[in-house]
Amino acid sequence: MSHPSLPEFDIIFAGGGAAACVVAGRLAVYDPSLRILILEAGQHSLNKAAHVQPYQFPSHQAPASTTITFNIGNPSPSLNGRAPVVPCGRCVGGGSCVNFMAYTRAPASDFDDWGADGWESENLIPLMKKLETYEAQPDCPTHGYDGPIKVSSGGRKLDVCDEFVHVGTTYHKRQYADDTDDLETCNTYSPWQKYIDGTTGRRSDAAHHYVYNQAHNPNLQIWDGKRVKRVIFENKRAVGVEFTNDPVSCPDADQLLSTVKASKLVVVSAGAFGSPGILERSGIGAEGVLKRCGIKQLVNLPGVGENYQDHHVGLLPYLVADEVVTMDGLWRGEESVVQENLTQWNSNGKSLIAQNGIDSKIKWRPDDEELKAMGSAFQPRWKEFFQDRPDKAVAIFYPIAGYVAPLTKSLASVLPPRNYITACYCTLYPVSVGSVHINMTENGRERMDFTAGFLDDPSDIIPLDFGYKKTREIFRRMPSYRGEVTAGHPSFPEGSAAVCGEVSGPVDLNAPDIVYTAEDDEAIDKYHRDHVQTTWHSLGTCAMKPEADQGVVDTRLNVYGVSNLKVADMSISPFNVGTNTYSTALVIGERAAMIIAEDLGINCI
C-alpha cells in the first residue's frame with residue numbers, strides 16, 4: 001500500500017476516516033480488480049501502539065496531538081463568549097482509531113425518521129449485524145456474530161462501574177438489562193460494551209479491519225499525508241481530485257498541487273468538517289460563501305456546511321477510595337503500572353490495557369418526578385419530540401473509572417496522584433444547530449468558519465443542569481465515593497448545601513437529595529456555559545435530504561447538480577442519532593458500499 005505507479009484510478013476517496021475505510025474495503029472485496037485510492041491528510045495508524053492499545057485513547061486529545069484536528073469554533077454568547085473546540089480524527093481510520101471505543105447503537109426509529117428511501121431500519125439492521133462480531137452475549141437477534149468489527153467487555157472488569165449500576169437500580173429506581181443496544185431498550189441500566197477485540201485486547205477500528213487487512217491487493221492504495229483541496233470536473237462530471245502534501249503530516253514537503261484522475265467515481269469522505277470544505281472549494285455551495293472566497297460557483301447548493309449537529313457532554317471529576325481500581329495509574333504513565341499491565345496484555349490480551357474505563361451506563365429518560373424538577377422550559381421539547389417516542393433517550397449517564405480532562409480545563413497537571421472517577425452526562429438530541437464553511441483571512445489564507453451552536457436553543461441546557469444534579473446524587477451513594485474535585489465542579493456560594501469537597505465516605509442510599517437554591521442553579525448554569533463541550537459526534541453538514549430542504553446528497557449519496565460524485569460519512573446524517581456515532585459511521589459505510597456496487601453492476605453479496 002505504498003504510493004503507486006497507477007496513473008488513474010476507478011474510485012478515489014477524498015478522506016480516509018472510518019466510513020471511507022468501510023466503503024473502500026468492502027468494494028475491494030466485492031471486486032479486487034477495482035483500482036481504489038484513499039487520500040488521507042493524516043498519517044497511517046497501522047499497528048501503532050497509540051491506536052491499537054485501547055487505554056491510550058486520551059493521548060490523542062493532548063494539545064500537541066497530530067492524530068486529531070482541533071476545530072475552533074466562533075465565540076458564542078451562549079457559551080459566555082467562549083470559542084468551543086471540537087476535535088475530529090486525522091489519521092487513516094479517522095475517529096475509529098482515536099475515539100473512546102464506546103459501543104452504542106441508535107434506536108431503530110432514528111433511521112426511520114430520516115425518511116430516506118433505502119435507509120429505513122429494516123434495510124440497515126442486516127448491515128449492522130453484518131459488520132460486527134458481538135462477543136458480549138450469544139443469540140441476540142439484532143446483533144451480528146461474524147463481522148469484521150469486534151465488540152466485547154474489554155480486558156478487565158472495573159468494579160466501581162458496578163456500584164453505579166447498583167445505585168441506579170435502587171436509589172434511581174430503574175431496571176437492569178444485559179443489553180440496551182438492541183435498537184429499542186431505553187431508560188435501563190446496563191453494562192457498556194466496547195469496540196475492543198475480546199481475544200487480542202486490541203482496538204477494533206475500521207482501518208485495520210477493512211483496509212489494512214487487504215495489503216495483498218495492490219489495487220487498493222492508501223496515500224497518507226495528502227490533503228484533498230477540491231474535486232476536478234469536466235462538464236459537471238467528477239473526473240478526479242486536486243491535492244497537496246498535508247503540512248502537519250509532511251512538514252518538510254512542498255505544498256505543490258497534484259491531480260489524480262478517477263474514471264468511475266469520486267467519493268468525498270472527509271467528515272462533518274472536511275467534506276463541506278472540499279465541496280465548497282470545488283464550487284458547490286451557497287453563493288455568498290463561495291463569493292467571499294473568490295470561488296466560481298459550479299452548483300448552487302446552499303445546504304452545504306449547514307445543519308451541523310453534535311451531542312453535548314459534561315465531564316465532572318470525583319474522588320474515590322484508594323483501593324479502587326481505576327485507569328489513573330496508566331493514564332499518568334506510572335512505569336510500574338504500565339509494564340505490569342502490558343506484560344499481561346502481550347501474553348493474553350487482558351488487563352487494563354484493553355480498557356477504556358467505561359463499563360456501565362443508562363440511556364436516561366426522565367420520569368414524571370424528574371420531568372417536573374426540570375421545569376416548564378423543557379416541557380415543549382419533551383412533548384414535541386420525546387414523550388411519544390419511548391425508545392429515545394434524553395441523555396446517557398455514565399462513569400469513567402479515572403480522571404478524563406475536559407477540553408476546556410485540564411486539571412491533570414495539578415491533581416494529586418490518587419484515584420478518580422469522572423461523572424459524564426451526554427445529551428443526545430439537542431435542538432441547537434450550527435454550520436461549517438470555508439472563509440478567507442485578511443491576508444488571503446483559507447480558514448474555517450465554524451459555528452457550533454452549542455446551547456443556542458434555551459431547552460438544551462436544561463437536561464445538562466439536571467444531569468449534573470442526578471449523577472452527583474448517584475455518585476455520592478456509591479461505596480467508593482470520597483467527594484468531589486472542587487476545581488472541576490460549579491463554584492457554589494459559601495454556605496450552600498451544594499458546596500463541593502473531599503469527604504470520608506458515601507451518604508446513605510436513602511439520604512435526602514441536595515437542595516439547590518436559585519443561586520446554586522445559576523452556578524450550575526454558568527459552569528455548563530463555561531465548560532460544556534462536544535462529545536466528538538459531529539454530523540449533518542452534507543445532509544441527505546431533498547435539495548429543496550437544504551439537502552446536499554440524495555438517497556443514493558449523489559451530490560445534487562453533478563455526476564460521479566458522492567459523499568459517504570457522518571456529514572450525510574440529516575438528523576441527530578442517539579448514539580456514539582462510530583456505529584452509525586460504520587453502517588453508513590456498509591450501505592454506501594452496497595449503493596456504489598449496485599451503481600457499478602458489481603455483486604455485493
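**Loops, buried side chains and a helix pair**

Asp139 is exposed, with a relative accessible area of 72% (exposed means over 50%, buried under 20% and partly exposed in between, for a 1.4 Å probe and protein chains only). The model is predicted: local features need pLDDT of at least 70 and side-chain atom pairs pLDDT 80 or more, while totals for chains, interfaces and linings use all residues. Residues are numbered from 1 along each chain as its sequence is written, and side-chain values use heavy atoms, without hydrogens and water.

Asp139 is located in the loop between strand E5 (132–134) and strand E6 (149–151) (strands, E, of at least two residues and helices, H or I, of at least four are DSSP runs numbered from the N terminus). Although Asp139 is not a glycine, its phi is positive, at about 60°. A positive phi, near 65°, is also found for Gln550, again a residue other than glycine. Gln550 belongs to the loop between strand E22 (533–534) and strand E23 (565–567), and with a relative accessible area of 41% it is partly exposed.

Another loop residue, His311, lies between strand E14 (299–300) and strand E15 (312–320). His311 has a relative accessible area of 0% and is therefore buried. Its side chain forms a polar contact of 2.8 Å with the side chain of His537 (a polar contact is a pair of N or O atoms within 3.5 Å; within protein, one must be able to donate a hydrogen and the other to accept it, and residues adjacent in sequence count only if both atoms are side-chain atoms). A polar contact of 2.9 Å joins the His311 side chain to that of Asn576. Beyond its neighbours within four places in sequence, His311 is in contact with residues including Cys426, Leu428, Pro430, Gln533 and Val577 (contact means heavy atoms within 4.5 Å).

Arg105 occupies the loop between strand E4 (85–89) and helix H3 (108–113). Its relative accessibility is 4%, so Arg105 counts as buried. The side chains of Arg105 and Tyr103 make a polar contact of 3.2 Å. With neighbours within four places in sequence left aside, the contacts of Arg105 include Glu132, His143, Asp181, Asp182 and Lys363.

Lys526, in helix H14 (residues 518–531), is partly exposed, with a relative accessible area of 49%. Lys526 and Leu79 are 447 residues apart along the chain, and their C-alpha atoms are separated by 8.6 Å.

Two packed helices are described by the angle between their axes and the distance between the axes. The axes of helix H1 (residues 18–30) and helix H15 (residues 582–600) come within 8 Å and cross at roughly 35°. The crossing of H1 and H15 is right-handed. From H1, residues such as Val22, Leu27 and Tyr30 take part in the contact, and H15 contributes residues including Leu586, Gly589 and Ile596. By class, this contact of H1 with H15 has 13 nonpolar, one polar and two charged residues.

The structure holds zero disulfides (a disulfide is a pair of cysteine sulfur atoms within 2.5 Å). For Cys161 a bond is ruled out because the closest cysteine sulfur, in Cys424, is 10 Å from its own, too far for a bond. Cys161 counts as buried, at 0% relative accessibility. Cys604 is also in no disulfide, as the nearest cysteine sulfur, that of Cys21, is 19 Å away. Cys604 has 13% relative accessibility and counts as buried.

Conventions: Axes are lines fitted to C-alpha atoms, for helices over the stretch in contact, and angles run from 0 to 180 degrees between N-to-C directions. A crossing is left-handed if the near helix is turned anticlockwise from the far one by less than a right angle, and right-handed if clockwise. Ala, Val, Leu, Ile, Met, Phe, Trp, Tyr, Cys and Pro count as nonpolar, Asp, Glu, Lys and Arg as charged, and the others, Gly among them, as polar.
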